[in-house]
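Please read it alongside the structure below.

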Amino acid sequence: FETNIRVLGGLLSIYDLTSDENFLQRAVQVANAIAPAFETKSGIPYTMINPFTKKGECFSFYQNSAVLADAGTLQLEFFTLADRTKDRKWYEYAKKTMDVILSYKPISPNSIMTPLGLYPLFIHPSTGKFTLERSYAVGALGDSFYEYLIKAWRAFPNAQGRSKYRVEFDNSMDSVLKFMVSKFPKLKWQGTSKELHDAWFLNDLKNGRQVLNMDHLACFISGALVLGAEHASPNDIVKGYLALAEHMTTLCRNFYHAQASGLSPDVVVAASASGSMYGTHNQNIQRPETVEAIFYMYRKTGDEKYRKWAWEIFQSMKEMYATDTGWTGIRDVRKKEAALPQNRDDITQTFFFAETLKYLYLTFGSGDEIDLNEWVFNTEAHPVKVSREFTFPF
């Protein structure tokens, strides 16, 4: 998954931006190294592959199962590689994986226990069956699967049968709106006077229960909703998507604005009884999802408040991350002295450059820089060109 989105996606992006064949050749080399991971009984790839022994495995702490976001975040890169090289085998790998995932049918599609369009988080490569645990999330472990439903639909507009990705995306967002959004007249940050009015909080689901736990990763959903609102019908679906996108972006920005450091915790929990929220994982590792949401909302609306929010966040990042030798994550965002050496994690994430800074840069740039009708960002923010020649069936 990480090699696919970061390395393969990055190489394909450079090729699309430069037309330099060397990068396409390197992309093929990387894909060849990944390919043995797909050699399973079901077609669901292993999480990890040793390129020398060609032996694959999944993490033992996930019961040796593949993760939904890992297995379901391949088609944009592999379909793009098939299109650029005209080699169908790359398409076949990702197509088979998605066919297995999308064959899942919920037992009670209108219930919170097994909602239509939402998928369990773990799937066995040996059988292609999801585990019995009924956990659903659009944050960690699930996020980019839902993101790629709409992005692959947009990236290959003439592909046969692409509508099923659109249908699945709409089904998933319908269930998100029905079962995963908790609306609060007011949410107050625990132990402070800071509060947010008309707050929409994004829950996880576990065995038919809402879990008021939201990680920073879930903030990506605003961008997916903005993309999904285009070409959606009827109009109430468009309004629903954009309302959720706006509220999620506002909430995610508040995660930053309410902290002493100006930086967001990694995980926030809401308490419905008290109407309060607080961080449970208070580190900040330079994640991009909030500035990604702000970028998409600014592109959609042109509202200058989003640029203001982006600038505020960047200034906090600059103050807290910057050292003489690089920019580092923060161990505890609640501390006013967050920039002190002992509160730094001494790590610069690659996605800080690939995503966080890129989305900030594009927010302040002109609207025609990376036209969203002609380019699609993969989940690592590497742009690939929309292909109207790709006609393989979804």
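The buried residues of α5 are covered by elements including α2 (21–34), α3 (68–71), α4 (75–85), β4 (122–123), α6 (143–155) and α7 (163–180). Covering rests on contact, meaning heavy atoms within 4.5 Å. Helices (H or I, at least four residues) and strands (E, at least two) are DSSP runs, numbered from the N terminus. This is a predicted model: local features need pLDDT of at least 70, side-chain atom pairs count only at pLDDT 80 or more, and totals for chains, interfaces and linings use all residues. Residues are numbered from 1 along each chain as its sequence is written, and side-chain values use heavy atoms, with hydrogens and water left out.

**Helix α5**

Helix α5 spans residues 88–102, 15 residues in total. From first C-alpha to last, α5 reaches 21 Å, close to the 21 Å expected at 1.5 Å a residue. The expected span is 1.5 Å times one less than the number of residues. The buried residues of α5 are Trp90, Tyr91, Tyr93, Ala94, Lys95, Thr97, Met98, Val100, Ile101 and Leu102. Buried means under 20% relative accessible area, exposed over 50%, and partly exposed in between (1.4 Å probe, protein chains only). At the start of α5, a side-chain oxygen of Asp87 comes to within 3.1 Å of the backbone nitrogen of Lys89.

Helix α3 holds Ala71. Setting aside neighbours within four places in sequence, Ala71 contacts Ile44, Pro45, Thr97 and Ile101. Thr97 and Ile101 are among the buried residues of α5. Between Ala71 and Trp375, 304 residues apart along the chain, the C-alpha separation is 23 Å.

**Nonpolar cores**

A nonpolar core is a set of buried Ala, Val, Leu, Ile, Met, Phe, Trp, Tyr and Cys residues joined through side-chain atoms within 4.5 Å. The largest one has 120 residues. Ile101, Val176, Phe201, Leu202 and Met214 touch the most other members. Helix α9 gives this core its largest share, 9 residues. Another core lies apart, with 5 residues, among them Val67, Ala69, Phe122 and Ala137.

What does Val176 contact, leaving aside its neighbours within four places in sequence? The partners are Leu118, Val138, Val181, Leu202, Ile221 and Leu244.

**The disulfide**

The whole structure has 1 disulfide, defined as a pair of cysteine sulfur atoms within 2.5 Å. Cys219 and Cys252 form it, with their sulfur atoms 2.0 Å apart. The pair links distant parts of the chain, 33 residues apart. Cys219 is in the loop between β10 (213–215) and α8 (221–229), and Cys252 is in helix α9 (residues 235–257). Why is the disulfide left-handed? The torsion about the S-S bond is about -95 degrees, so that is its hand.

| Residue | Relative accessible area | Class |
|---|---|---|
| Cys219 | 0% | buried |
| Cys252 | 1% | buried |
| Ala71 | 2% | buried |
| Cys58 | 6% | buried |
| Asp266 | 10% | buried |
| Gly191 | 80% | exposed |

**Strand pairings**

Two strands pair if DSSP finds at least two bridges between them. β11 and β12 run antiparallel, joined by 5 bridges. Val267 stands opposite His281 in β12. Their hairpin has 4 residues between the strands, and Gly275 takes a positive phi near 65 degrees there. Strand β6 (residues 181–189) runs parallel to β12 (residues 276–281), with 2 bridges. Here Lys188 faces Ser276 in β12.

Asp266 sits in the loop between α9 and β11 (267–271). Not counting residues up to four places away in sequence, Asp266 touches Met214, Asp215, His216, His281, Gln283, Ile285 and Arg287.

Elsewhere, an open sheet of 3 strands has the order β5-β8-β9, with antiparallel pairing. Its edge strands, β5 (135–136) and β9 (209–211), each pair on one side only. β5 and β8 (residues 204–206) share 2 bridges. Tyr136 has Leu205 as its bridge partner in β8.

Gly191 lies in the loop between β6 and β7 (195–202). Its C-alpha is 31 Å from that of Gly208, 17 residues away along the chain.

Conventions: A polar contact is a pair of N or O atoms within 3.5 Å; within protein, one must be able to donate a hydrogen and the other to accept it, and residues adjacent in sequence count only if both atoms are side-chain atoms.
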